[in-house]
Amino acid sequence: MLIIIMPKNKLLKYERVKRLPNVTFSVLGESPLPGSYPWHDERYQGMQKILELGCGKGEYSLAFAAANPRKLCVGVDCKSHRMCVGAELAIAQGLENVHFLRARIERIGEFFLKHAIHEIWLTFPDPHPKHRAIKSRLSAAFFLDAYANLLIPGGTVYLKTDSDLLYDYTRESVRRWGGREVAKSDGAHGTGCSASGACEAVSAYEQAARSRGAAIQFMAFKLN
Ligand SMILES: C[S@@+](CC[C@H](N)C(=O)[O-])C[C@H]1O[C@@H](n2cnc3c(N)ncnc32)[C@H](O)[C@@H]1O
């Protein structure tokens, strides 16, 4: 029998996050209509929508929400104890235009209406360096198909990464898919990433990468 011992703090977050009003859990096997999720509430109608995929503790989602009070930001991650940090901070800061979704990004198309999203942010996604895991990269063709369905015509996908491998792969994957790159920077800290106030935020992961002296790269692309 395998016994997993989890740090107490992590366990407490797993419990607390279930009761937060700004967190939605996807339940495997249950598929409510996309229109029934909180981000389609009347109070958000007419607001542009930003998705942060793989949001971790949600630093970017919070920064987008703070910098863009008339936009709604939804942070998505499969690790609920991480988003607990962002969701609790959002409540403490009185940010009502940010929400979190605990779900796998592979299922992202189930939660949003077609062509309803203005921006998608991939903030330091796992690079999945092994060949057998290429299809798990968030810029693989399978994911680009899903993003193209979600984005409004002319909507933008943004990537910030400290992985040269993922950066080069994404450029090639977008090109092969038929998308077009609209901005990029190889600057040490991803200069050029000022869209939606992204420069105001530094996530825990990004801070660690910077401390190691890693170069942060940024790109933006369109799929439709
Ligand atoms: C390297 S961390 C970056 C987190 C955050 N964006 C940051 O900058 O600190 C990647 C995050 O993506 C999430 N993630 C990776 N693959 C995922 C998937 N297929 N579905 C949902 N979340 C995923 C992980 O749980 C993790 O929190």
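Q: Is Thr-156 buried or exposed?
A: Thr-156 has 21 C-beta neighbours inside 10 Å. A residue is buried with 20 or more other C-beta atoms within 10 Å of its own, exposed with 12 or fewer, and partly exposed in between, the C-beta atoms being placed from the backbone. Therefore Thr-156 counts as buried.

The model is predicted: local features need pLDDT of at least 70, side-chain atom pairs count only at pLDDT 80 or more, and totals for chains, interfaces and linings use all residues. Residues are numbered from 1 along each chain as its sequence is written.

Q: Which residues is Thr-156 in contact with, leaving aside its neighbours within four places in sequence?
A: Contact needs C-beta atoms, placed from the backbone, within 7 Å. Thr-156 sits in strand β6 (residues 151-161). Its contacts beyond four places in sequence are Glu-119, Val-182, Ala-220 and Lys-222.

Q: How far apart in space are Thr-156 and His-118, C-alpha to C-alpha?
A: In sequence, 38 residues separate Thr-156 and His-118. In space, the C-alpha to C-alpha distance is 6.6 Å.

Q: At what angle do helix α1 and helix α3 pack?
A: Helix α1 covers residues 8-17 and helix α3 residues 80-92. Their axes are 8 Å apart. The packing angle is about 70°.

Q: Which helix gives the most to the shell around the ligand?
A: The ligand is surrounded by 18 residues, the closest being Gly-54, Gly-56, Cys-78, Ser-203 and Tyr-205. Three shell residues come from the top contributor, helix α6 (residues 204-211).

Notes: Axes fitted to C-alpha atoms, helices over the stretch in contact; angles between N-to-C directions. Helix = DSSP H or I, 4+ residues; strand = E, 2+ residues; numbered from the N terminus. Near = placed C-beta within 6 Å. Contact = placed C-beta atoms within 7 Å.
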